[in-house]
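Please open the model in your viewer and keep the sequence panel beside it.

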Amino acid sequence: MEAIRQIVDGRLLSGIITLPRYYQNTKVEIIIVPMKVATEKLSLSRNDIDSMLMGTITETLIGAVPDHGKTLEDYRMERLGNHERFD
């Protein structure tokens, strides 16, 4: 596969592609390679797509909330204790 590589001033790309500000005032390398387009139609069900997306989303959330070793019931009781009021 042949690739085309060229170094250009980032300002020349304004209006063609959105660049972060720090790329606009410097030289950037452009690499152009042909994209392979699948000619066969994929047979994915809605459940397949949902499970692939869910896996990706779940992986990005891992570690977002620290694990304090509490169960869901512990968190529920803590929340009810902090926010439940009877007037």
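**From fold to salt bridges**

Begin with a cartoon of the whole chain, which in this predicted model follows the pattern β-α-β-α-α when read along the sequence, with 3 helices and 2 strands in the chain.

Next, show the surface of the chain: the accessible area comes to about 8900 Å², and 57% of this belongs to carbon and sulfur atoms. If you colour by relative accessibility, buried residues make up 6% of the 87 residues. Turning to contacts with a separation of 6 or more, residues 24 or more positions apart account for 36% of them.

The remaining stops are among the 4 salt bridges counted in the chain.

Select Asp-9 and Arg-11, whose side chains meet in a salt bridge with an N to O distance of 2.8 Å; Arg-11 has 53% relative accessibility and therefore counts as exposed, the cut-off being over 50%.

Move on to Lys-70 and Glu-78, which form a salt bridge whose closest N and O atoms are 2.5 Å apart. Lys-70 is partly exposed, with a relative accessible area of 36%, and Glu-78 is partly exposed as well, at 38%.

Finally, select helix 3, residues 72–83, and display Arg-76 and Glu-73, which lie 3 residues apart in this helix and are therefore separated by about one helical turn. Their side chains meet in a salt bridge at 3.7 Å, N to O; Arg-76 is partly exposed, with a relative accessible area of 47%, and Glu-73 counts as partly exposed at 43%.

Key: Residues are numbered from 1 along each chain as its sequence is written. This is a predicted model: local features need pLDDT of at least 70, side-chain atom pairs count only at pLDDT 80 or more; totals for chains, interfaces and linings use all residues. Side-chain values use heavy atoms; hydrogens and water are left out. Helices (H or I, at least four residues) and strands (E, at least two) are DSSP runs, numbered from the N terminus. Buried means under 20% relative accessible area, exposed over 50%, partly exposed in between (1.4 Å probe, protein chains only). Contact means heavy atoms within 4.5 Å. Accessible areas come from the Shrake-Rupley method with a 1.4 Å probe; for residues, only the protein chains shown count as cover.
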